[in-house]
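Me: Hi! Could you walk me through this structure in plain words?

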Amino acid sequence: MHRKSVRRTVTATAVGLAATVALTACQASGSSDSNGKGGSSSTAAPSSDSSSGSSANSSSVSGSSPGNGSHTSSTSSKASTCRTSNLRITAKNQGEARQGLGSILITFTNTGSSCRMSGFPGVDLKTNYGTQSVDRNKQEVGTPFTLKAGKRATANVVYPINNTGGSGVQGTALVVTPPNETHHVTVPVGVSLPVSDTDKGHLEVTPVFEEH
């Protein structure tokens, strides 16, 4: 099934996405490895110019972002932009956030010195039918902030949950590019999306927010 067909397999209402994601982002705290409803978590190594094989606890990395690419918003600051090589990126399926909608929490941990973050990460979902780009949630507006060493920032991917009783479309990993970056990492995550012949809904990602 080609990419266009994959985008038509996902269905669900997108009403209330902004409220769903805002609630999830505000509740995000603690380690990204903590247990969550229906969740599974994995940690990705920083990106480099050479690729490495993926496993349950690591990610495959390439030099530039595929598919959707990096969604960015410009920011000016004395601190430099947070680089992929200085971020530990994890993804955890949080399960159902509200009726029919699930949430995947993406966490960016700063392993370097203080840096600036702002805007949307680029995100693609790898599935058993191919790779699907994750759109930006246009109801959300990101605020520039300084991410200090050792601190975390988060973004949420909202997706329609497969409640049909069928096997659905199986998402296996997220390809994540931090805001204002071109290098990406791939982190395993498990989600099940409904199958449909119509395009009534789609995946959306929020901007990055500083974790409090």
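Me: Which residues line the second largest cavity?
Reply: Ile104, Leu125, Val134, Val157, Tyr159, Leu174, Val191 and Leu203 line it. A cavity is a set of points on a 1 Å grid over the protein atoms alone where a 1.4 Å probe fits but cannot get out, and lining residues have an atom within 4 Å of a point. Keep in mind that this is a predicted model, where local features need pLDDT of at least 70, side-chain atom pairs count only at pLDDT 80 or more, and totals for chains, interfaces and linings use all residues. Residues are numbered from 1 along each chain as its sequence is written, and side-chain values use heavy atoms, leaving out hydrogens and water.

Me: What volume does the second largest cavity have?
Reply: The second largest cavity has a volume of about 30 Å³, the volume being the space filled by probe spheres set on the points.

Me: OK, new topic: where is asparagine 93, and is it buried or exposed?
Reply: Asparagine 93 is in strand S3 (residues 87–98); strands are DSSP runs of E with at least two residues, numbered from the N terminus. Asparagine 93 is buried, at 5% relative accessible area, because buried means under 20% (1.4 Å probe, protein chains only).

Me: What does its side chain reach?
Reply: The side chain of asparagine 93 reaches the backbone nitrogen of glycine 95 at 3.0 Å.

Me: And which side chain does asparagine 93 join in a polar contact?
Reply: That of tyrosine 159, at 2.7 Å. A polar contact is a pair of N or O atoms within 3.5 Å; within protein, one must be able to donate a hydrogen and the other to accept it, and residues adjacent in sequence count only if both atoms are side-chain atoms.

Methods. Helices (H or I, at least four residues) and strands (E, at least two) are DSSP runs, numbered from the N terminus. Buried means under 20% relative accessible area, exposed over 50%, partly exposed in between (1.4 Å probe, protein chains only). On a 1 Å grid over the protein atoms alone, a cavity is a set of points where a 1.4 Å probe fits but cannot get out, and a pocket is an open set with protein on both sides within 12 Å along at least five of seven lines; lining residues have an atom within 4 Å of a point.
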